[in-house]
Number of protein chains: 2
Amino acid sequence: MNESKPIGVFDSGVGGLTVLRALRAAMPAENFIYLGDTARLPYGTKSAETVVRYSLQCADALIKRRVRCLVVACNTASASALGALREHHPTLPVIGVVEPGAAAAVAASATQHIAVIGTEGTISGGAYQTAIHRLNPAARVTSRACSLFVSMAEEGWTEGPIAEAVASRYLDPIFQNAGAPDTLVLGCTHFPALATAIRAVLPRHVNIVDSATITAAAVLQLVGGNSARVGTRGAVAWLATDGAARFARVGSAFLGERLDAEAIDIIDL
Amino acid sequence: MNESKPIGVFDSGVGGLTVLRALRAAMPAENFIYLGDTARLPYGTKSAETVVRYSLQCADALIKRRVRCLVVACNTASASALGALREHHPTLPVIGVVEPGAAAAVAASATQHIAVIGTEGTISGGAYQTAIHRLNPAARVTSRACSLFVSMAEEGWTEGPIAEAVASRYLDPIFQNAGAPDTLVLGCTHFPALATAIRAVLPRHVNIVDSATITAAAVLQLVGGNSARVGTRGAVAWLATDGAARFARVGSAFLGERLDAEAIDIIDL
């Protein structure tokens with residue numbers, strides 16, 4: 001791999017910035033290009049065929065910019081499009097968030113009863129279930145789509161009574177009974193924004209697995225440390241297919257630092 | 001106008017089905033083609049340029065199917081794209097939901113202080129404000145984006161404590177003080193689904209304007225009654241750009257009758 005080339009990251013919008021933040025923390029010297037497909041977000045309620053088509057287009061846009069590997073920072077795209085991406089680009093390393101998240105959950109769970117929450121697309125496709133069973137065929141997986149979490153994260157309503165009431169309505173049926181899961185996978189990059197509200201309604205012993213950090217570790221393992229650039233701070237180039245202003249506003253909250261709105265290109269895929 | 005041709009209706013997804021339902025009630029003998037741009041929904045958080053581009057493509061798909069007029073059953077598209085649609089299709093009657101809604105609000109309000117709620121795109125574009133001021137330059141307009149209402153309607157969480165808590169959080173700052181508006185325009189086709197929760201948190205005297213019925217009346221006025229077909233029941237052809245199954249499931253709730261999922265085509269715009 002050419003160490004001077006940037007790492008390409010794409011997501012349907014801003015949610016993947018939680019993954020980018022983890023990547024930068026793990027590999028501060030690396031350069032990144034982040035593409036948010038904001039013109040067509042969300043992917044979570046769309047069919048697998050459409051998500052595959054959009055994902056291949058996002059990949060093409062990043063490959064044109066000569067990335068050294070591709071991180072699919074969107075659970076829905078990871079769940080639906082990873083196979084197609086690898087098939088179309090056999091020499092490019094492609095890493096999704098589902099497989100690392102599944103591995104972390106299997107590692108964390110004492111009972112091997114694991115709960116997964118995500119968008120409709122991620123949950124109905126069953127990708128986490130498949131990935132978990134590949135690692136432990138005896139594991140039990142309980143899953144639920146939590147669509148409203150996405151818009152709550154984007155609206156910034158991430159804490160307080162409404163966020164907790166919504167979390168309760170989604171999660172109580174899973175966790176308020178005997179034999180409930182002991183591990184919860186946040187299978188959507190938007191969900192870590194609601195971690196406080198989610199934690200508040202969960203039984204205390206439940207482990208929360210956030211795939212962002214785990215994915216960053218997997219990417220670091222794949223590309224290796226960049227010893228030639230230790231001590232330097234890598235750059236991030238931003239691409240959004242629509243709405244630079246909104247992307248910068250909502251994205252800054254996800255990234256935990258100010259996004260430079262000037263740096264965003266509008267590209268037509 | 002050729003009376004045998006269908007009336008074309010488009011929306012970003014299923015929300016416009018509230019408009020279609022009102023149109024069918026007003027003109028039961030007419031044939032309709034409904035196009036839901038489900039592959040790219042929602043329009044409400046996207047830029048005006050993108051919404052214009054998508055709207056022109058939706059119009060082209062319907063015009064290819066020889067519609068006699070075009071109903072833009074989406075507030076965001078009506079707010080952003082009506083001018084472009086009329087410019088590109090100067091001989092085709094194009095009716096949006098914003099102008100009829102604004103007229104109904106001005107007619108209903110005693111104080112001429114009118115509140116408008118809608119998606120981010122509709123509110124930030126100021127289309128209702130402009131339309132209301134064209135009718136009464138002295139009217140006062142208070143507006144607020146209520147993004148979460150869209151996903152709550154799609155999730156079916158339209159009544160009960162969570163729906164009312166969300167409605168309170170959005171609407172109390174507008175209505176809980178002296179000199180508050182006496183009329184509320186539901187400036188998004190998803191919002192009538194939440195009418196019960198919205199009504200529950202509003203002061204009793206506030207009028208609610210739902211643009212679906214008003215728009216149907218405007219279309220009836222434009223195309224006239226179809227006397228040749230009185231007594232017959234018109235047909236509806238369905239088109240969706242993605243996700244026939246989800247469209248049928250969510251759409252049935254909006255339409256108040258079962259959508260025939262078999263009848264949905266996936267078209268690539």
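Where is Pro42(B) found in chain B? This is a predicted model, and in it Pro42(B) sits in the loop between strand 2 (32-36) and helix 2 (48-63) of chain B. The peptide bond that leads from Leu41(B) into Pro42(B) is cis, and its omega is near -5°. Chain A has a cis bond to show as well: Leu41(A) and Pro42(A) are joined by one, with omega at about -10°. Pro42(A) belongs to the loop between strand 2 (32-36) and helix 2 (48-63) of chain A.

Next, the backbone at Arg66. Arg66(A) is not a glycine, yet its phi is positive, about 60°. You will find Arg66(A) in the loop between helix 2 and strand 3 of chain A. Is Arg66(A) buried or exposed? A residue with 12 or fewer other C-beta atoms within 10 Å is exposed; Arg66(A) has 12 such neighbours inside 10 Å, so it counts as exposed. In the other chain, Arg66(B) also has a positive phi of about 60° without being a glycine. Arg66(B) lies in the loop between helix 2 and strand 3 (69-72) of chain B, and with 12 other C-beta atoms within 10 Å, Arg66(B) is exposed.

Now follow chain A into strand 3. Strand 3 (residues 69-72) pairs with strand 1 (residues 7-11) of chain A in the parallel sense, over 4 bridges. Within that pairing, Val9(A) has Val71(A) in strand 3 as its bridge partner. Strand 3 of chain A also pairs with strand 4 (residues 94-96) of chain A, again in the parallel sense, over 3 bridges. There, Val72(A) stands opposite Gly96(A) in strand 4. What do strand 3, helix 3 (residues 75-88) and strand 4 of chain A make together? They make a right-handed β-α-β unit.

Keep residue 72 in mind for the core. The largest nonpolar core has 178 residues, and of these Val72(A) and Val72(B) touch the most other members. What does Val72(B) touch, once residues up to four places away in sequence are left out? The list includes Phe10(B), Leu82(B), Leu85(B), Val94(B), Ile95(B) and Val97(B).

One loop in chain B deserves a stop. Gly234(B) is placed in the loop between helix 10 (211-223) and strand 9 (236-240) of chain B. Gly234(B) has 16 C-beta neighbours inside 10 Å, so it counts as partly exposed. Pro6(B) is 228 residues away from Gly234(B) along the chain, but their C-alpha atoms are separated by 9.2 Å. Leaving aside neighbours within four places in sequence, Gly234(B) is in contact with Pro28(B), Ala29(B), Glu30(B), Asn31(B) and Phe32(B).

Last, the two chains together. How many residues does the contact take from each chain? It takes 19 from chain A and 19 from chain B. On the side of chain A that touches chain B, helix 7 (147-155) and helix 8 (161-175) of chain A each supply at least two residues. By class, that side has 7 nonpolar, 6 polar and 6 charged residues.

How are the copies related? Chain A is superposed on chain B by a rotation of 180° with 0.0 Å of shift along its axis, at an RMSD of 0.0 Å. The two copies are therefore related as by a two-fold rotation axis. The same surface serves both copies, since 100% of the contact residues of chain A recur in chain B. Of the residues of chain A, Arg40(A) comes closest to the rotation axis, with its C-alpha at 2.5 Å.

How values were computed. Residues numbered from 1 in each chain as written. Chains lettered and ligands numbered in written order. Predicted model: local features only at pLDDT ≥ 70, side-chain atom pairs only at ≥ 80, totals over all residues. Contact = placed C-beta atoms within 7 Å. Nonpolar A, V, L, I, M, F, W, Y, C, P; charged D, E, K, R; others polar. Least-squares fit on C-alpha atoms with pLDDT ≥ 70 in both. Core = buried A, V, L, I, M, F, W, Y, C linked by C-beta atoms within 7 Å. Buried ≥ 20, exposed ≤ 12 C-beta atoms within 10 Å, placed from the backbone. Pairing = 2+ DSSP bridges. Right-handed = clockwise from strand over helix to strand, strands pointing away.
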